Amino acid sequence: MAMAFSAPGLARRIPCTRSPLLFCFRKARFQSSVAIGFAAESGILCKEEDKDCISFALRRKEIEQTDSSIPQWKTLSSEDLGIDTSMISKPTRLVLNGLRKQGYEVYLVGGCVRDLILRRIPKDFDIITSAQLKEVRKIFTRCLLVGKRFPICHVRVLDTIVEVSSFSTSGRRNGFNNYITKPSNLNEPDYIRWKNCSQRDFTINSLMYDPYKKVVYDYLGAMEDIRKSKVRTIKPANLSFTEDCARILRAVRIAARLGFRFTRDIALSIKELSCSVLELDKGRILMEMNYMLAFGSAEASLRLLWRFGLLEILLPIQASYFVSQGFRRRDASSNMLLILLSNLDKFVAPNRPCHSSLWIALLAFHKALVDQPQDPVVVAAFGLAVHSGGSLYEAIELAQNISQPHASFHEIVESNHKESDYSLMEQVVDLAVSVNVVLCKMTDNQYVSQAMIKYPQAPWSDLVFIPQALSMRVCKIFECVRRGNERGPVPKRSRTIDHDSLAMGNLSEVRHVFARIVFDTVYPRNQNGQFSNVEPTER
């Protein structure tokens, strides 16, 4: 199994500490081919016509601009890029219009511009304006100033929070970037925009879009990196990640969601500085992990965390499973955990996330099966019982009538003899107890620190970022199985998912989606997308 830990930085079993600064000024050859291969693993990047649209806009601008040995900054027509203002959420448009009517310049900035270009639904929209934050507060009554070091405004519109930053305050962030050369042909407005863009983390997050002039500003080669499907830091990656190690997790999240590849500079720096993420506040780690696992790219995120040596630091229990399965760093095959997360991805999206309790429940459920493999009927009955709020008799009856072939996993072991209803009921309850035991272990630093004890080449980590209150919330998902029918939450009867309730962690909604994920994993749909017999959501 030692071969699974051949990645740099995993030579000795020592506590994870921050690596010394080793700035990567050496030359590296960067691949320039479009990274389509990885997109097949993480989901379709964008339509081919969308990429043609990007290439057309770039070629058109290259013809218009003068030649220079320094890469030229660009202003691109948003119409040529296929961006329409209707793609911007209504709350964001209301904030943009409110600031514009008062005579202030307003732009969309960051990842939302990138997503609009790629025809993806942005997770959120960030606005930057020439207005000072105190002026923003005067315009919008439901406005809250947050942050002391780098203050921004949270404007609440139609039950949505829109983030608004100001050029006057964002200019202080991270100081001045001395690692890029200022273009010589910038006027004052361009210089202000360029300075703000140069202080961001990745080139593809440095785009600025004026929805009124219908112009996208690209000062740092973001469009070229989008075309090449590359995640590239604006500063040297080693320095960028040393300044803010949360960027390591953001890089993984972005690459997983878009199906992009890292530059060589980023890949080497992540492996070198992976243990520095332990310096982050646990709440911040939970937030970043939730962004990875709850917004539609859980499978791709876990693959990247494993590939770059982060999984054994953040989720040692799951990393231990990967090693026990002989799962290599670049393995393109799958396993039960990855398929569970892949099925989760089918139910959520950047604008329709799930509550963190759902993916934590899936991790705990899977670990319980790893510790004690179960008969597929027991697993199906368990999922049905969770869905129905604890109706064990009904769940077992339905599970026994399933004629659909079950998937083949190490965690699923079919019994050689027919079990009695009473025996099945005991096994279902025992599984619920086991899941709760695992949840307790996942919040126990001592247990987590021993998860990789069999693999001395792995870095040591006792990180627990799941707070006790959240763990108790997850336990309630399975409480109904141990205690029988509940009087509280009404079991979900409709097939339709209420995504607002799912995001808020509504117990019935979380149980509903959990059961569907488990059922889809153990009893995959046939070629027609249908089950041969029974589906839990139809009951």
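**Close-up views of a predicted model**

**View 1. Gln450 in its loop.** Gln450 sits in the loop that links helix 21 (445–449) to helix 22 (468–483). The model shown here and in the other views is predicted. The relative accessibility of Gln450 is 36%, so this residue counts as partly exposed.

**View 2. Leu158 between strand 5 and strand 6.** The loop between strand 5 (152–157) and strand 6 (160–166) contains Leu158. Its relative accessibility of 52% is over the 50% cut-off, and Leu158 therefore counts as exposed. Leu158 is not a glycine, yet its phi is positive, at about 50°. Most residues other than glycine have a negative phi.

**View 3. Lys214 between strand 7 and strand 8.** Lys214 belongs to the loop between strand 7 (208–210) and strand 8 (215–218). Here too the backbone has a positive phi, about 60° for Lys214, although this residue is not a glycine. Lys214 has a relative accessible area of 33% and is therefore partly exposed.

View 4. The structure holds zero disulfides.

**View 5. The buried residues of helix 11.** Helix 11 spans residues 264–273, and its buried residues are Asp265, Ile266, Ala267, Ser269, Ile270 and Leu273.

**View 6. The crossing of helix 18 and helix 20.** The axes of helix 18 (residues 376–388) and helix 20 (residues 421–442) come within 9 Å and cross at roughly 70°. This angle falls in the range of 65 to 115 degrees, so helix 18 is roughly perpendicular to helix 20. The crossing is right-handed. On the side of helix 18 the contact is made by Val377, Val378, Ala381 and Phe382. Helix 20 contributes Leu424, Gln427, Val428, Leu431, Ala432 and Val435. Nine residues of this contact are nonpolar, one is polar and none is charged.

Methods. Residues are numbered from 1 along each chain as its sequence is written. This is a predicted model: local features need pLDDT of at least 70, side-chain atom pairs count only at pLDDT 80 or more; totals for chains, interfaces and linings use all residues. Side-chain values use heavy atoms; hydrogens and water are left out. Helices (H or I, at least four residues) and strands (E, at least two) are DSSP runs, numbered from the N terminus. Buried means under 20% relative accessible area, exposed over 50%, partly exposed in between (1.4 Å probe, protein chains only). A disulfide is a pair of cysteine sulfur atoms within 2.5 Å. Axes are lines fitted to C-alpha atoms, for helices over the stretch in contact, and angles run from 0 to 180 degrees between N-to-C directions. Angles under 35 degrees count as roughly parallel, over 145 as roughly antiparallel, 65 to 115 as roughly perpendicular and the rest as oblique. A crossing is left-handed if the near helix is turned anticlockwise from the far one by less than a right angle, and right-handed if clockwise. Contact means heavy atoms within 4.5 Å. Ala, Val, Leu, Ile, Met, Phe, Trp, Tyr, Cys and Pro count as nonpolar, Asp, Glu, Lys and Arg as charged, and the others, Gly among them, as polar.
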